[in-house]
Amino acid sequence: MGKLFGTDGVRGISGTEFTPEMALRLGRAIGAFYGPGSRVLVGRDVRAGGDMIANAVISGLLSEGVKVYYVGMIPTPALQLAVKRGPYEGGVMVTASHNPPEYNGIKVMGPEGVELSREEERVVEEYYFSNHASKLEWRSLTYSVEVRHGIIEEYVDTIVGHVDRDSIAKLGARVVVDCANSVSSLSTPTLLRKLGVKTLSINCHLDPEFPGREPEPTPDTLKEAAALVASAGALLGVGHDGDADRAIFVDDRGVVHWGDRSAALLSYHASQRWDAPKRVFTGVSSSTLVEEYLRPKGIEVVWTAVGSVLLARTLWKEGGIAAFEENGGFILSPHQHVRDGAMKLALMLDLIAAEGVKPSELFSRLPRYISKKTKVKATREEAACAVEGVKELFAGYRQITIDGVKVFGEDFWMLVRPSGTEPVVRIMAEALSEERLNEVVNKAMEIVQRCKGGRQ
Ligand code: MG
């Protein structure tokens with residue numbers, strides 16, 4: 001049987017790869033999975049083809065006797081919160097998240113708003129590849145689509161309710177927000193206003209061509225936001241991805257910080273604020289600084305394989321205060337068990353207000369590592385060989401081997417893992433000195449080259 005779902009939903013180039021025919025068939029498969037009479041909330045981000053795909057998916061759901069509620073454009077975490085709270089058996093979000101503008105896709109959620117498990121995805125795939133069609137008799141097709149309003153407002157108010165609004169307002173802060181021209185435009189500026197924060201927004205008009213920047217928030221794509229923070233004397237900057245479930249911060253000096261750094265600070269803050277098990281979950285691609293910062297504070301760090309759905313489901317099942325990724329995904333357990341970019345922003349402001357210090361001072365509490373990320377073309381066998389080689393060479397070190405191999409040294413860490421989405425082996429490393437960083441990365445590169453038999 002074929003595989004339809006990647007690590008985070010189904011993705012393809014809108015119109016040519018992700019066609020309305022495919023969306024209809026997928027809608028039928030998802031509808032069969034939920035079953036007739038179930039209630040499903042459907043939303044979309046700003047992307048081209050969003051309504052084309054949403055309407056085809058809705059048609060498929062209706063053909064399986066599902067009752068459909070449509071919210072139009074909405075951040076993914078807002079849809080997920082509504083699914084969790086509302087009378088829904090599931091949710092479907094039409095989005096390709098952080099992918100380049102030409103992509104679209106869908107994420108499928110269960111009744112708790114959490115994306116389906118791999119086992120559940122397999123059931124949907126079985127229906128899809130067997131061209132399932134229930135062909136219900138006409139009387140079963142009486143449901144009409146109900147349009148839902150007010151969901152984004154409820155979402156924003158819920159987030160405001162989680163933090164100390166008055167202390168945040170007293171900061172008198174200015175915050176730069178870069179909405180990536182997508183659905184965070186509908187929520188984050190409103191959230192900041194309700195928190196009493198003056199907002200300087202860039203790329204916060206909806207535009208499916210993403211004229212401002214690529215939808216993935218990175219130090220590179222957030223250059224303009226960072227420059228604006230510095231020139232406008234703002235306290236903080238934030239950049240979201242295409243469906244607003246991630247947040248990457250810029251400190252008051254205009255420095256962009258990867259998501260594991262902010263998540264380490266926020267996890268400790270959240271553990272002080274909420275009564276939840278003192279445990280966090282993060283993918284092996286996060287920096288070991290997370291452990292160095294949190295463990296002395298009595299918070300256990302559990303390393304998992306890479307993937308946001310796995311993280312969400314592990315936190316949900318095992319319990320803890322948070323789960324997060326270096327790419328900006330942050331799951332706050334007392335709020336909901338999915339990544340939420342706006343919640344992460346509100347929590348960051350809450351931390352700044354509680355400590356009364358600038359973000360640059362907060363980030364300076366973390367160990368200073370120099371990072372390197374690279375990838376090398378490799379077949380599955382070559383990647384596996386490289387992972388084995390690194391395991392052997394660094395046999396004397398603490399290792400985690402749940403997803404590639406992660407090596408923990410005194411003054412460095414390194415992850416070598418086969419990519420889940422492309423034929424490459426990824427090497428990520430951090431060290432306290434440039435020299436050490438180059439030394440360990442070069443060792444890994446030699447092993448990769450040996451496994452490739454000298455091929456480039
Ligand atoms: Mg996303």
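Predicted model: local features only at pLDDT ≥ 70, side-chain atom pairs only at ≥ 80, totals over all residues.
Local features here need pLDDT of at least 70 and side-chain atom pairs count only at pLDDT 80 or more, while totals for chains, interfaces and linings use all residues. Residues are numbered from 1 along each chain as its sequence is written, and side-chain values use heavy atoms, with hydrogens and water left out.

Colleague: How many salt bridges does the structure hold?

Modeller: A salt bridge is counted where a side-chain nitrogen of Lys or Arg lies within 4 Å of a carboxyl oxygen of Asp or Glu. By that criterion, the number of salt bridges in the structure is 27.

Colleague: Is Arg44 buried or exposed?

Modeller: Buried means under 20% relative accessible area, exposed over 50%, and partly exposed in between, with a 1.4 Å probe and protein chains only. Arg44 meets Asp51 in a salt bridge, at 3.2 Å from N to O. Asp51 has 37% relative accessibility and therefore counts as partly exposed. Because its relative accessibility is 10%, Arg44 counts as buried.

Colleague: Which parts of the chain does the pair of Arg213 and Asp178 link?

Modeller: Arg213 forms a salt bridge with Asp178, their closest N and O atoms being 2.9 Å apart. The pair links distant parts of the chain, 35 residues apart: Arg213 in the loop between β8 (198–202) and α8 (223–232), and Asp178 in strand β7 (residues 174–178). Helices (H or I, at least four residues) and strands (E, at least two) are DSSP runs, numbered from the N terminus. The parts linked are thus the loop between β8 and α8 and strand β7.

Colleague: In which helix do Glu439 and Arg436 lie?

Modeller: These two residues form a salt bridge, with the closest N and O atoms of Glu439 and Arg436 3.0 Å apart. Glu439 counts as partly exposed because its relative accessibility is 36%, whereas Arg436, at 17%, counts as buried. Glu439 and Arg436 are three residues apart, about one turn of the helix, and both lie in α15 (residues 434–451).
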